[in-house]
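This report concerns the charged pairs and the nonpolar core of the structure shown below.

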Protein chains: 2
Amino acid sequence: MSERGKPVPLARLLLMSYRLLIDGMHQRLREEGWHDVRPAYGFVLLATRDRSTTSVELASLLGVTKQAASKILDPMDAAGYVRRSVDPEDARVKIVELAPRGWELLAAVECIYAELEAEWGAAIGVAAVELMRKHLTEIVLAANGGEFPAIRPSP
Amino acid sequence: MSERGKPVPLARLLLMSYRLLIDGMHQRLREEGWHDVRPAYGFVLLATRDRSTTSVELASLLGVTKQAASKILDPMDAAGYVRRSVDPEDARVKIVELAPRGWELLAAVECIYAELEAEWGAAIGVAAVELMRKHLTEIVLAANGGEFPAIRPSP
DNA sequence: CCTTTTCGTCAACAAGGTTGACCATTTATA
DNA sequence: TATAAATGGTCAACCTTGTTGACGAAAAGG
């Protein structure tokens, strides 16, 4: 590897590590029979987990345009992971919430994710994982005025 | 933020941090007058820095198909960042190397990158940055049989 | 010499992003 | 109260970067 002898850029390590988790996640999902899950779905699952949302709000949470949000929601709706309904209080608005299948998928995702993070704990120690979490949190918050930024599924 | 009170998934923190570096990189490049640099170019610059390569080898280094590699090289070639020439020893092969403008871009990239990493050192301490580098390296190598994997520009 | 493999390019399609446009609905203003 | 402005969601075109399949030229193998 041409990086031998030179420190590997941290950005590269961050991306490799992230990919490790995400690719591992999607592989395990496939092994469990989830064959139609796209990378972006995870972002939508997390955004709609704690409370229903709307298309345009989801766009804001994801840091993308409303068109992009709609574009992810379309196949998710078609596959039965989310439901969209007209808001009784504002006829322009579509309420977006997880459908039963979406809840099942979310449960599978969270279970696999916990396994993956536990594997990191086994590899470098739980304390090191928590320290990394602490440091990354500091960096991200410091750079975003004390808040977590919206994070796009794809650059 | 709905993540308040729950640990933010490490995957999310990794992605946020990575984006912080990469988005910061591209913003500063634009500020310096580099207006036509796409995210994928950085990967090609690093892959061709230490020695010239070939289209198909680049594909392998990037972990993408040869078609995808060619597709990134086309605009880079057109913009004068790389040069492609026929290999005198094998007429099928295109040698890919950085052109003068590519070297200038690489220099700008590396300079900005150093600034960005130094800012992390200022935020959490240089020792913490190095510790993170060490831990991430361990995780990545452990998961890839002791080697660094190819890393695609885009999932 | 013929078959198989390899390299790079062309083409079509996909995922997920952008901008612009449009219509319906709601809110704000005169 | 009527009109203007703002908002939500969808349609459309295009972009970046990925995939697969196909193809012709060149090289390697039998």
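## A buried charged pair

A:Arg133 and A:Glu117 are both buried in this predicted model. Their side chains form a salt bridge, with an N to O distance of 2.7 Å. The pair joins distant parts of the chain: A:Arg133 lies in helix α6 (residues 126-143) of chain A and A:Glu117 in helix α5 of chain A, 16 residues apart.

## Partly exposed and exposed pairs

A second salt bridge brings together the side chains of A:Arg28 and A:Glu119, at 3.0 Å from N to O. Here helix α1 (residues 10-31) of chain A supplies A:Arg28 and helix α5 (residues 100-124) of chain A supplies A:Glu119, the two residues being 91 residues apart. A:Arg28 is classed as partly exposed because its relative accessibility is 21%, and A:Glu119 is likewise partly exposed, at 38%. A network of salt bridges links A:Arg28 and A:Glu119 with A:Glu115.

In chain B, B:Arg51 and B:Glu57 form a salt bridge whose closest N and O atoms are 3.4 Å apart. B:Arg51 counts as exposed, with 53% relative accessibility, whereas B:Glu57 counts as partly exposed, at 27%. Over all chains, the count of salt bridges comes to 25.

## The nonpolar core

In soluble globular proteins, nonpolar side chains tend to be buried together. The largest nonpolar core in this model holds 92 residues, and A:Leu29 and B:Leu29 have the most contacts inside it. Apart from neighbours within four places in sequence, A:Leu29 is in contact with A:Trp34, A:Val37, A:Leu105, A:Ala108, A:Val109 and A:Ile112.

Notes:
Residues are numbered from 1 along each chain as its sequence is written. Chains are lettered from A and ligands numbered from 1 in the order in which they are written. This is a predicted model: local features need pLDDT of at least 70, side-chain atom pairs count only at pLDDT 80 or more; totals for chains, interfaces and linings use all residues. Side-chain values use heavy atoms; hydrogens and water are left out. A nonpolar core is a set of buried Ala, Val, Leu, Ile, Met, Phe, Trp, Tyr and Cys residues joined through side-chain atoms within 4.5 Å. Buried means under 20% relative accessible area, exposed over 50%, partly exposed in between (1.4 Å probe, protein chains only). Contact means heavy atoms within 4.5 Å. A salt bridge is a side-chain nitrogen of Lys or Arg within 4 Å of a carboxyl oxygen of Asp or Glu. Helices (H or I, at least four residues) and strands (E, at least two) are DSSP runs, numbered from the N terminus.
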